[in-house]
Amino acid sequence: MPDRLAVRKTYKLYIAGAFPRSESGRSYPVTDPKGRFLANASHASRKDARDAVVAARKAFPGWSGRTPYNRGQILYRIAEMLEGRRDQFTDELRHTGASKNTAAAEVDAAVDRWVWYAGWADKLDAVAGAANPVSGPFFNFSTPEPTGVVAAIAPDSPLLGLVSVLAPVIVSGNTTVVVASEPAPLPAITLAEVLATSDLPGGVVNLLTGHRTELAPWLAAHMDVNAIDLTGALPEHVQDLEDKAAGNLKRVLRPAGDWSEEPGTARLTAFLETKTVWHPVGI
């Protein structure tokens with residue numbers, strides 16, 4: 001039987017619920033630590049970043065308008081589907097040089113982290129909001145609301161790092177544009193396939209692969225991006241990105257600790273706005 005010609009897969013971007021190639025037509029080879037070719041990944045351009053922001057902005061009213069309980073259901077559904085593709089994610093993580101046990105443990109941690117954040121969806125209002133005591137015949141309530149479109153630079157941990165910056169952003173009603181790990185983007189695109197086949201509306205998550213140094217400055221300076229998470233930004237680039245983000249007073253998350261630590265509420269509240277309402281008593 002003659003040898004078959006190998007059909008190479010090009011992993012595409014994830015924008016507005018679809019999987020387009022980069023508008024520039026560029027791609028880059030992804031290799032394992034020994035230099036063996038694995039696949040091609042799309043090399044996102046500035047235009048792709050703009051398209052992703054447009055998609056995220058369009059999806060924001062619908063996603064933020066859903067009930068917290070419904071958002072929690074959807075995040076839990078993502079965790080279910082991630083668990084169902086556990087072996088595939090384990091194999092992809094092994095291509096990054098991780099042992100089988102280490103890769104399996106990272107997949108388990110990623111699933112658990114999705115579940116943890118899903119459980120917070122209908123509790124954020126009670127924890128982050130308050131009925132404030134005031135002097136006078138008024139009720140005074142503080143309620144958390146999503147910031148808007150959040151850009152995130154994911155760390156090089158190709159799955160757990162991505163989940164750690166992604167889940168806390170969307171659980172509260174924000175939409176996002178994420179720049180995935182540059183050297184190991186394949187688990188991120190596979191996660192996008194999970195998102196596309198779950199109940200998550202298109203445009204809530206938009207995932208770009210390519211060079212962080214090329215994409216991050218445009219997202220930091222984009223006037224329709226409300227906040228940016230610099231977890232995966234290179235230390236020498238952080239100050240420049242913060243300066244660009246100041247152009248429209250973006251919220252900036254510059255984590256002081258290790259992102260891989262157990263999840264906490266700091267990321268949940270980083271991209272929330274607190275709105276205060278006064279109401280006369282008896283009306």
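A residue counts as partly exposed when its relative accessible area lies between the 20% limit for buried and the 50% limit for exposed. The structure on display is a predicted model, and this tour applies that scale at several stops.

Select Lys-123 first. Its relative accessible area is 42%, so Lys-123 is partly exposed.

Next, select Arg-254 and Glu-242, whose side chains meet in a salt bridge of 3.2 Å, N to O. Arg-254 sits in the loop between strand E10 (251–253) and helix H10 (265–270), while Glu-242 belongs to helix H9 (residues 235–245), so the pair ties together parts 12 residues apart in sequence. Arg-254 counts as partly exposed, at 46% relative accessibility.

Move to Asp-32 and Arg-36. Their side chains form a salt bridge at 2.7 Å, N to O. Here Asp-32 is buried, because its relative accessible area of 9% is under the 20% cut-off. In total, the count of salt bridges comes to 14.

Finally, select helix H2, residues 68–84. Its 17 residues should span 24 Å at 1.5 Å a residue, and the end C-alpha atoms are 25 Å apart, which agrees. Within H2, colour the buried residues: Arg-71, Gly-72, Ile-74, Leu-75, Ile-78, Ala-79, Met-81 and Leu-82. An α-helix has 3.6 residues a turn, so residues three or four places apart point the same way. To see what the buried residues of H2 pack against, display helices H1 (46–64), H3 (86–94), H4 (100–120), H6 (160–170) and H7 (186–196).

Notes
Residues are numbered from 1 along each chain as its sequence is written. This is a predicted model: local features need pLDDT of at least 70, side-chain atom pairs count only at pLDDT 80 or more; totals for chains, interfaces and linings use all residues. Side-chain values use heavy atoms; hydrogens and water are left out. Helices (H or I, at least four residues) and strands (E, at least two) are DSSP runs, numbered from the N terminus. The expected span of a helix is 1.5 Å times one less than its number of residues. Buried means under 20% relative accessible area, exposed over 50%, partly exposed in between (1.4 Å probe, protein chains only). Contact means heavy atoms within 4.5 Å. A salt bridge is a side-chain nitrogen of Lys or Arg within 4 Å of a carboxyl oxygen of Asp or Glu.
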